[in-house]
Amino acid sequence: MKLCIIGTGYVGLVTGTCFADLGNEVVCVDNNLNKIENLKKGIIPIYEPGLEELVKKNYKNGKLKFSINLKDSVIKSDIIFICVGTPTKKNSNATDLSQIYSVSKKIRNYITSKFKIIVTKSTVPVTTGDEIEKIFLKKKSKKFFSVVSNPEFLREGEAIRDFVYPDRIVIGTSNARSNKILKNLYSPLISKGAKYINTTRRASELIKYASNAFLATKITFINEIANLCEKSNINVEDISIGMGLDKRIGSRFLRAGPAYGGSCFPKDTKAIVTTANKFKTNLSLVKSVIKSNQKRSLLLLNKVNAILKGKVKNKNICFLGVTFKANTDDMRDSSTLVMIPTLSKKGAIINYYDPTGEKNHFKKIKNVTFSKNVKSALHNSDLVIIHTEWNDFKSINFKSLIKKKNFIIYDMRNIYSPSKMKKAKIKYFGVGR
Ligand code: UGA
């Protein structure tokens with residue numbers, strides 16, 4: 001099939017590349033010429049394991065193209081995927097849909113007498129599909145197009161696997177023709193076991209938000225249970241295992257840690273509350289999840305303070321990993337954006353190492369230095385904070401790398417075993433244990 005992907009950000013680039021790899025003819029369009037030129041050279045703007053190889057392979061064999069020409073790309077395609085950003089509006093919790101609507105107006109101009117399916121892949125609030133349809137109907141007849149919701153459920157760092165082996169594919173449309181075409185497009189994944197669901201467009205839009213809000217709730221739940229565990233001398237990892245074995249609960253997304261972050265959960269929890277307000281409903285549970293998560297970084301900072309017995313000033317603190325999770329270079333809503341500046345204000349001397357390199361966010365913050373490797377980051381540490389669970393941090397010989405004798409480890413991802421640390425006579429703290 002001939003596909004046009006609009007927006008070569010995280011969602012668009014992964015989606016377009018994976019569809020090309022399934023044998024479709026894909027053109028990825030972006031209005032950023034530099035980005036398009038780089039993609040043609042195989043320079044990928046994001047860090048996503050396996051993506052670069054797949055882009056190069058499919059660009060070389062001609063299945064994947066990059067262009068800034070929206071008109072040509074839309075005219076030549078059967079299905080158009082809108083994958084532009086839907087950030088939170090400044091000074092409000094509502095979603096900024098300006099890119100979605102501006103792209104829709106442009107696509108509308110290029111709809112001819114050949115039927116086209118317009119798909120929203122970006123996460124968009126309930127009724128956005130209705131609004132896009134209204135935009136099209138102002139100038140085009142209903143028989144030439146159909147607006148469908150098909151949310152993405154990709155996780156950063158695991159996106160290619162999530163695309164190829166999705167738990168489910170959700171198609172929101174009441175148009176039988178579009179449903180048939182999209183089911184056919186996804187048939188290689190359905191034949192590998194992915195469940196295909198056809199529902200209404202509004203339901204599909206809400207499935208995405210409800211899923212993310214539920215996962216954020218699950219994480220926040222275990223984080224709060226971790227707080228209780230710390231006070232009652234229980235290891236939260238035992239609770240996660242014991243709860244997770246109940247099939248009704250499931251073990252995934254039940255790992256306690258720092259505040260959840262990234263470009264999705266913080267944004268989508270706020271957006272679903274705004275949608276509920278619009279429909280005069282109160283999502284009080286999601287509201288408390290948001291609050292609890294916002295307080296979490298301060299809670300963990302209080303623990304840092306307690307670990308250092310209130311003496312943060314002039315202490316050498318090393319952060320291992322600063323991104324919101326492993327296998328990504330994404331800093332959006334990472335809890336280190338709160339923790340590092342706060343500790344710096346309190347007079348700490350901070351060294352950090354991240355496998356994805358130095359971050360601009362910390363360049364202007366006093367006494368914060370990027371180290372090029374784990375060894376030099378650790379060398380002079382009084383306290384090591386393991387913030388992100390990269391594999392690189394899973395088998396470090398701390399004693400041989402840290403010159404100070406009484407160094408302390410605060411393992412925010414519970415990577416290491418407390419009993420082994422005790423045996424090695426290393427002062428060790430985890431989360432919820
Ligand atoms: C999330 C969803 O998992 C995807 O299904 C969805 O497609 C995506 O948002 C999106 O809406 O685009 P992502 O934000 O990439 O994916 O990352 P996750 O792996 O879900 O992690 C989110 C946050 O939760 C991270 O800060 C992570 O450290 C935290 N987390 C996750 C925990 O603290 N504990 C867990 O057990 C799992």
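Two salt bridges cross the interface of domain 1 and domain 2 in this predicted model. A salt bridge joins the side chains of arginine 332 and glutamate 156, with an N to O distance of 3.9 Å; this value falls within the 4 Å limit applied to such pairs. Between domain 1 and domain 2, nine residue pairs are in polar contact, counting pairs with both residues at pLDDT 80 or more. On the side of domain 1 that touches domain 2, the residues comprise 10 nonpolar, seven polar and five charged.

**Domain arrangement**

- The domain assignment of the protein places domain 1 at residues 2-199 and domain 2 at residues 208-433.
- A distance of 33 Å separates the C-alpha centres of domain 1 and domain 2.

**Extent of the interface**

- Contact between the domains involves 22 residues of domain 1 and 23 residues of domain 2.
- Together, domain 1 and domain 2 bury about 1800 Å² between them, and 49% of this area is on carbon and sulfur atoms.
- Within domain 1, the residues that lose the most area to domain 2 are Tyr47, Thr123 and Glu156, which together account for 35% of what that side buries.

**Ligand surroundings**

- The ligand is surrounded by 19 residues, of which the closest are Glu152, Leu154, Glu156, Lys208 and Asn212.
- Asparagine 212 places a polar side-chain atom 2.8 Å from an oxygen atom of the ligand.
- Glycine 261 has a backbone N or O atom 2.9 Å from an oxygen atom of the ligand.
- For phenylalanine 324, a polar backbone atom lies 3.3 Å from an oxygen atom of the ligand.
- The ligand taken alone exposes 710 Å², and the protein buries 91% of that area.

Conventions
Residues numbered from 1 in each chain as written. Predicted model: local features only at pLDDT ≥ 70, side-chain atom pairs only at ≥ 80, totals over all residues. Heavy atoms only, no water. Domains from an automatic or database assignment. Contact = heavy atoms within 4.5 Å. Buried area = accessible area lost by both parts, 1.4 Å probe. Polar contact = N/O pair within 3.5 Å; in protein donor to acceptor, adjacent residues only side chain to side chain. Nonpolar A, V, L, I, M, F, W, Y, C, P; charged D, E, K, R; others polar. Near = heavy atom within 4 Å. Areas by Shrake-Rupley, 256 points an atom, 1.4 Å probe, with all protein chains shown as cover.
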